[in-house]
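I am keeping these notes while I go through the structure step by step. My plan is to start with one chain as a whole, then turn to the contact between chains, and finish with single residues.

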Amino acid sequence: MREGAPDPGLYDYHAYRDRPKLEWPGGTTCAVWVAPNLEYYEIDPPANPHRKSWPKPHPDVVGFSYRDHSNRVSHWRMADVMSRHGFPGSVSLSVALCDHHPEVVADGAERGWEFFSHGIYNTRYSYGMSEQQERAIIEDSIETVQRATGQRIRGWLAPALTHTPRTLDLLAEYDFTYTCDLYHDDQVQAVNVVRSKGGGELASIPYSLEVNDHYGFNVYGMSGREYADCLIKQFERLAEEGERTGSGTVMCIPLHAYLIGQPHRIGPFEEALRTIAADPRCWKARAGEIVDHWRAAQ
Amino acid sequence: MNLPANYTTYPHRHEGYDHDLYEWSNLHTRAPVSWPGGAKVAVWLCVSLEWFPIKPGGPFKAPGHMVTPYPDYRHYTVRDYGSRVGVWRMLDAFRAAGVTASFATNAAIAERYPELIEAVLAEGHEIIAHSTDMNGTITSDLPLDEERALIADSLTRLEAASGVKPSGWLSIARSQSFHTADLLAEHGITYMCDWVNDELPYRFNNGVVNLPLNTELSDRMIVATQQHSAEGWAQMMRDAFDWLAAEASGTGYTQGGGRMLPIHLTPYIMGLPYRIGALEELLADFAAREDAWFATGAQIVAEWEAQQ
């Protein structure tokens, strides 16, 4: 990015009208990818002067144990529902989860899910990191996920959405192909990066804050049924636009098992997945294949 | 501002948790538990009985505490409405449905409103300790000796006023320090309800059982925070029950086994005239289901312990 400039220069402006044609496989019009966040929050993380980890003095019992619900109970409930309706996950992973609870990561890997990095822990923020520290978390992420799953990660969602001005340039240098940190579009878009030390092209894949279960439940206070309705409406609209314009759209369903996997929410969520999966316009895809398909068409 | 070099070192990064309070275990691989009568879902009603001193104190302000400058008549009286009126509606609703509940009770409530405690006990409900009053909050900012004194004081006063020695504990806002579980064990508490990471009881390394009282399913979260109607709340309870009952029979990833639905109620929230009907209907609905077992926290813990 252009550090210090009013426009960070992350990407070029492209009007949504008259976009280039883009066909998704099998005549589908909306690529739907499901992004479970598999996270580990430390109970007693070190302080970062730019952002507080927990609202309460450590241990923040509800905050910590709320997230821990994912790794004891609700991950499998959520994953089972996704598998039942044919949706693979593209996992936003706190890579230290590979060390703390390898069973959770192994379950995703066995289901054929893709992994990308969401930092080491969701309680270690990038704000204030030196270039050396930022390289360390990128290299750690690559090595840790490779060791745990055999996959070379290609994507990034910054830990707790904390960035530095150099993050995107570094990702390109380390041959990442997509970032989930930019929310400016409903289609894959090129990201402007400075590649002083080699590397490849970086793209932005639409993740979503608006239909993220965290926003649905903890920001907008929706019921499980209201959230499920939002997902269906979001899909219907994006599929219809992709069909009408011939330019395939992307819908992400970002999840946290401790939220969507609660017993009063998972039933309505399953109904939403059932509806979306049954629509012939839906391409049930992983993040990497969406980006690859888009890149090949450029 | 730069970060210290050790911000990217991780001394607790190893298999298991970054603490020694309890061990990791995933629910669906544990031996299934069975509830009495072959029920699939243990329905645990837990009512918080809270007295808010008009002058807030303690390490943090409890949820529901005073808001305006002193004297906050508005919030003081609205909360007290729950103990004078709302909770009596709940007691009637429980009696009508023929169900029992746990009452997480501030010691001050037992001292101030003996006729309420008498009715709670006479009608077969359980008393769980719930600190001294709503200023009795706990965090790591509370010095250890003060926390120990707070817990001792809560239990001594509650027992003196109610005549019963509770086996369970609920912290205010479920907030603990790193010492709380040990202090509870030291004072004879056998189970606590603060950690919301599971859907069945499990044991801490110090021997205390944690019985998870789901925050997401509380009337405080759904009605007060997310601002759903009582009918919307009841719909969510039914959705939760249905899912848990199906899971108890076994689904793709689990062989099944007894499940638990904790319903956390607050008298000044669900005990209002326009909301209580939704609770009454829900209780009648669940009480008529063969796969529901209404139980107090102590009963659920006892049943679970007997099968470990």
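**Entry 1: chain B as a whole.** I looked up how far apart in sequence the contacting residues of chain B are, and found that, among contacts between residues at least 6 apart, 74% join residues at least 24 apart. I note here that I am working with a predicted model. I counted ten helices and nine strands in chain B, and I read that buried residues make up 51% of its 308 residues. The C-alpha atoms of chain B fill a box of roughly 55 × 50 × 40 Å along the principal axes. I then checked the radius of gyration: a compact globule of 308 residues would have a value near 19 Å, and chain B, with 20 Å, agrees with that.

**Entry 2: where chain A touches chain B.** Which chain gives 44 residues to the contact, and which gives 49? I found 44 residues from chain A and 49 residues from chain B. By class, the residues on the side of chain A that touches chain B divide into 19 nonpolar, 16 polar and nine charged.

**Entry 3: helix 1 and helix 9 of chain A.** I looked next at how these two helices pack, and found an angle of about 20 degrees with the axes 10 Å apart. Angles under 35 degrees count as roughly parallel, and therefore I describe helix 1 and helix 9 of chain A as roughly parallel to each other. Their crossing is right-handed. From helix 1 of chain A the contact uses A:Arg77, A:Met78, A:Val81 and A:Met82, while helix 9 of chain A brings A:Ile266, A:Phe269, A:Glu270 and A:Leu273. I sorted the residues of this contact into six nonpolar, no polar and two charged.

**Entry 4: helix 9 of chain A against helix 7 of chain B.** Here I followed helix 9 of chain A across to helix 7 (residues 230-248) of chain B, where the axes come within 8 Å and cross at roughly 80 degrees. I therefore call helix 9 of chain A and helix 7 of chain B roughly perpendicular to each other. In this contact A:Ile266, A:Gly267 and A:Pro268 meet B:Asp239, B:Asp242 and B:Trp243. By class, I noted three nonpolar, one polar and two charged residues.

**Entry 5: two single residues.** Is A:Trp156 buried or exposed? It counts as buried, because it has 26 C-beta neighbours inside 10 Å. I placed A:Trp156 in strand 4 (residues 155-156) of chain A. Leaving aside residues up to four places away in sequence, A:Trp156 touches A:Phe116, A:Ser117, A:Leu171, A:Phe176, A:Thr179 and A:Cys180.

In chain B I looked up B:Gly257, which lies in the loop between helix 7 and strand 8 (259-265). B:Gly257 has 20 C-beta neighbours inside 10 Å and therefore counts as buried. With residues up to four places away in sequence again left out, B:Gly257 touches B:Pro32, B:Val33, B:Ser34 and B:Ala248. B:Gly257 and B:Leu244 are 13 residues apart in sequence and 9.8 Å apart in space, C-alpha to C-alpha.

Methods:
Residues are numbered from 1 along each chain as its sequence is written. Chains are lettered from A and ligands numbered from 1 in the order in which they are written. This is a predicted model: local features need pLDDT of at least 70, side-chain atom pairs count only at pLDDT 80 or more; totals for chains, interfaces and linings use all residues. Helices (H or I, at least four residues) and strands (E, at least two) are DSSP runs, numbered from the N terminus. The radius of gyration is taken over C-alpha atoms; the globule rule is 2.2 Å times the number of residues to the power 0.38. A residue is buried if 20 or more other C-beta atoms lie within 10 Å of its own, exposed if 12 or fewer, and partly exposed in between; C-beta atoms are placed from the backbone. Two residues are in contact if their C-beta atoms, placed from the backbone, lie within 7 Å. Ala, Val, Leu, Ile, Met, Phe, Trp, Tyr, Cys and Pro count as nonpolar, Asp, Glu, Lys and Arg as charged, and the others, Gly among them, as polar. Axes are lines fitted to C-alpha atoms, for helices over the stretch in contact, and angles run from 0 to 180 degrees between N-to-C directions. Angles under 35 degrees count as roughly parallel, over 145 as roughly antiparallel, 65 to 115 as roughly perpendicular and the rest as oblique. A crossing is left-handed if the near helix is turned anticlockwise from the far one by less than a right angle, and right-handed if clockwise.
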